[in-house]
Amino acid sequence: QVQLVESGGGLVQPGGSLRLSCAASGIIFSIYRMGWYRQAPGKQRDLVAVTANGGTTNYADSVKGRFTISRDNAQNTVYLQMNSLKPEDTAVYYCNVVNLLNGINYWGQGTQVTVSS
């Protein structure tokens with residue numbers, strides 16, 4: 001059974017930082033693409049950042065230079081370091097994993113990030 005457990009969300013002031021974590025179980029971590037998506041109220045869920053096992057990363061233009069995605073295969077965990085946060089970064093952030101062999105993907109439960117003064 002695949003489980004994704006997210007943590008690290010919260011309330012932060014503009015310009016602040018947060019680090020999200022997503023711990024995965026029930027999968028062979030190394031064959032999965034790991035990613036973070038976010039969904040603001042009334043909007044669609046959008047890609048924030050993804051990373052494949054070879055170290056390839058891809059970011060939404062809106063977060064380039066501010067967010068960093070990383071993964072620890074030994075801990076089956078993917079992280080999202082978010083710096084210089086802006087109010088428009090406010091959203092529910094979801095962890096997503098995709099099996100690169102068969103395309104099956106899984107979602108975490110989501111963690112709220114609120115950027116406000």
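**Exercise 1.** Which backbone atom of glycine 9 lies 3.3 Å from a polar atom of the side chain of threonine 111?

*Solution.* The model is predicted: local features need pLDDT of at least 70, side-chain atom pairs count only at pLDDT 80 or more, and totals for chains, interfaces and linings use all residues. Residues are numbered from 1 along each chain as its sequence is written, and side-chain values use heavy atoms, with hydrogens and water left out.

- The atom is the backbone nitrogen of glycine 9.
- Threonine 111 belongs to strand E11, residues 111–115 (a strand, E, is a DSSP run of at least two residues, numbered from the N terminus).
- Its relative accessible area is 12%, so threonine 111 is buried (buried is under 20%, exposed over 50%, partly exposed in between, with a 1.4 Å probe and protein chains only).

**Exercise 2.** Find the aromatic pairs in the whole structure and state how many there are.

*Solution.* Rings of Phe, Tyr and Trp (its six-membered ring) pair if their centres lie within 6.5 Å; planes under 30 degrees apart are stacked, over 60 edge-to-face, the rest tilted.

- The search finds two pairs.
- Tyrosine 37 and tryptophan 107 are edge-to-face, 5.1 Å centre to centre with 70° between the planes.
- Tyrosine 37 is in strand E4 (residues 32–39) and tryptophan 107 in strand E10 (residues 105–107), so this pair ties together parts 70 residues apart in sequence.
- Tyrosine 94 and tryptophan 107 are also edge-to-face, at 6.4 Å and 90°.
- Tyr37, Tyr94 and Trp107 form one aromatic cluster.

Conventions
Helices (H or I, at least four residues) and strands (E, at least two) are DSSP runs, numbered from the N terminus. A polar contact is a pair of N or O atoms within 3.5 Å; within protein, one must be able to donate a hydrogen and the other to accept it, and residues adjacent in sequence count only if both atoms are side-chain atoms.
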